[in-house]
Amino acid sequence: MLSPSELARRRREVVAALTRAVPPHCVLARDEDTRPYECDGLSAYRQLPLVVVLPENEEQVVAIMAVCLALRVPLVPRGAGTGLAGGARPVADGIVLSTARLNRIVHLDPAARTAVVQPGVRNLAISDAAAPHGLYYAPDPSSQIACTIGGNVAENSGGVHCLKYGLTVHNVLRARVVTVDGQVLELGSEAPDVPGLDLLAVFIGSEGMLGIVTEVTVRLVPKPAVARVAMASFDDVVRGGGAVASVIAAGIIPAGLEMMDRTSIGMVEPFVRAGYDLEAAAILLCESDGSAEEVDEEIERMSAVLCAAGATAITVSATEAERLRLWSGRKNAFPAAGRISPDYYCMDGTIPRRELGRVLIGITEMAQRFGLRCANVFHAGDGNLHPLILFDANQPGEFERAEAFGAAILELCVAVGGTITGEHGVGVEKINSMCVQFSRAELDAFLSVKRAFDPEHLLNPDKVIPTLVRCAEYGKMHVRPGQQKFADLPRF
Ligand SMILES: Cc1cc2nc3c(=O)[nH]c(=O)nc-3n(C[C@H](O)[C@H](O)[C@H](O)COP(=O)(O)OP(=O)(O)OC[C@H]3O[C@@H](n4cnc5c(N)ncnc54)[C@H](O)[C@@H]3O)c2cc1C
């Protein structure tokens, strides 16, 4: 770690080099200017960066990378900073590269149903621009009003509509990226397939560790003529979880299939008055879209499956206003948490759908064990959980308990055959849990990919992929049956 005087000297050196690479107004170095960049949505982890730079075009990104490489200064890319895993958290002796000024929709082609956009374009802005052509961009994170397409690509973001329409990786055709040595790569294409290794898929979800995304071509899809949502109440979360598996097993792929438990319903309903059933132990929101006939037929089939799975009541939206009202509760769940708890910690794990009930019961037991409340509101159709652990950071020890509770949930996800993240990424938050999920050989393979693009580990360093030493210190290592944990490490 550098001393304050060494940091100040380093800052002067980096600012001098950056202002030769980009216009001076693109460089922020005073604490009051860099403070807004000290954290992302995981605000418990904060760090002031050395410098923030806001390039205005791709050539400037290339020039910034040259500075980064020449001075061996780490660099953290940043979109809107809505990430929930600390992926955009700065490093003390590093640059934050913000894409806020790379925010142009370059080209929209309604005939080809594609849009070419810069990385700082907001997710919702793409759909707004496509709306006059009857098109939209399907992946819809709940943060879509603010989050950027560059951040979505880096996190492989999902949303309510991803069950039917796919994640970011299924809706991005091509990306331009700048590597740390200043090369501009074109990955993917607008054709159905490209020859060679699928490096676009490698970049999508790489959390800013391999290069800077400077342009993205996304697929647009036609807006469905009609959409309706069915809300089903359950008097038991296990039955609600079972209903999710039954819907998919019946061959229905809803346009959205979300679940909220009693704590979530109770926190959201007084906030948005969505019309949720306050008596229910859980509700499911099950959306159908398509032509009017298709939707009528699918809603009927869904309702039959939900009833057979034990639903105690079903409400189907009759108008678009009613549909939006029913969704408003789900979409506002995170802000609603702020009304009943000073702080919340949003976890993100994925499990096989058939395990939903068992895992929800496990989380309830853990809430008692850790002495903290937990609200569950999540993409049930994808098996993607979002337990919101409620705590008060001003109470000594509560944050540490919330972190331990979160880690225990992720271990449960792995134990039932799931994963430690669904869509929020690993960042700094889940780096230890990577030791639980992956073997040494798998982590080594990840590190080899990182080294191939960034041999000096300058891009978003010390995130996502844990070192072997970190896993040993964490004491939670992936073990294959009958094998000793890291047999070659000295034992203490
Ligand atoms: C209320 C709320 C609801 C949310 N709901 C969802 C949801 O439903 N689904 C979901 O998937 N996520 C959700 N998120 C998480 C978050 O919004 C997404 O991860 C989003 O994609 C982050 O975008 P961003 O522009 O804010 O990126 P940032 O937070 O700024 O960065 C995220 C990561 O991407 C990297 N990065 C950013 N831009 C680039 C670039 N141009 N090139 C390379 N790397 C880059 C950063 O280094 C960082 O690692 C939610 C967050 C909040 C606060």
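Helix α9 spans residues 237-249, and its 13 residues reach 18 Å from first C-alpha to last, close to the 18 Å expected at 1.5 Å a residue. The model is predicted.

**Helix α9 and its cover**

Six names make up the buried set of α9: V237, G240, G241, A243, V244 and V247. These residues lie on the same side of α9, because they cover an arc of only 150 degrees around the axis. Their cover includes three strands, β12 (226-234), β13 (256-261) and β14 (282-290). It also includes two helices, α11 (292-308) and α14 (356-370). After α9 comes G251, with a positive phi near 85 degrees.

**A closer look at G241**

G241 sits in helix α9. Is G241 buried or exposed? It counts as buried, because it has 27 C-beta neighbours inside 10 Å; the cut-off for a buried residue is 20 or more. Leaving aside neighbours within four places in sequence, G241 is in contact with L356, G357 and L360. R353 is 112 residues from G241 in sequence, yet their C-alpha atoms are 7.5 Å apart.

**Helix α11**

Helix α11 has 17 residues and reaches 24 Å from its first C-alpha to its last, close to the 24 Å expected at 1.5 Å a residue. Its buried residues are E298, I299, M302, V305 and L306. They share the same side of α11, because their arc around the axis is only 130 degrees. E293, A304 and A308 are exposed on the other side. The buried residues of α11 pack against α9, along with β12, β14 and β15. G310 follows α11, and its phi is positive, near 110 degrees.

| Helix | Residues in helix | First-to-last C-alpha reach |
|---|---|---|
| α9 | 13 residues | 18 Å |
| α11 | 17 residues | 24 Å |

**The sheet**

Which strands form the open sheet, and in what order? There are 7 strands, in the order β15-β12-β14-β13-β18-β20-β16, and the pairing is antiparallel. At the edges are β15 (313-316) and β16 (343-346), each pairing on one side only. Neighbouring strands of this sheet are turned by 20 degrees against each other on average, direction ignored.

Inside the sheet, β13 and β14 run antiparallel and are joined by 6 bridges. M260 stands opposite I283 in β14. Helix α10 (residues 262-272) lies across β13, β14 and β18 (373-378). Its direction is at about 85 degrees to β18. Helix α14 also packs on the sheet, touching β13, β18 and β20 (387-391). The direction of α14 makes about 155 degrees with that of β18.

**An annotated domain and a hairpin**

UniProt, in an unreviewed entry, lists residues 45-223 as "domain: FAD-binding PCMH-type". Over residues 45-223 the chain is 23% helix and 25% strand. The end C-alpha atoms of this stretch are 39 Å apart.

Strands β8 (residues 172-178) and β9 (residues 184-188) pair in the antiparallel sense over 5 bridges. V178 stands opposite V184 in β9. What do β8 and β9 form? They make a hairpin with 5 residues between them. In the turn, G182 has a positive phi of about 85 degrees.

Methods:
Residues numbered from 1 in each chain as written. Predicted model: local features only at pLDDT ≥ 70, side-chain atom pairs only at ≥ 80, totals over all residues. UniProt positions renumbered as here; feature names shortened; annotations may be inferred. Helix = DSSP H or I, 4+ residues; strand = E, 2+ residues; numbered from the N terminus. Expected span 1.5 Å × (residues − 1). Buried ≥ 20, exposed ≤ 12 C-beta atoms within 10 Å, placed from the backbone. Arc of directions from axis to C-beta. Contact = placed C-beta atoms within 7 Å. Pairing = 2+ DSSP bridges. Axes fitted to C-alpha atoms, helices over the stretch in contact; angles between N-to-C directions.
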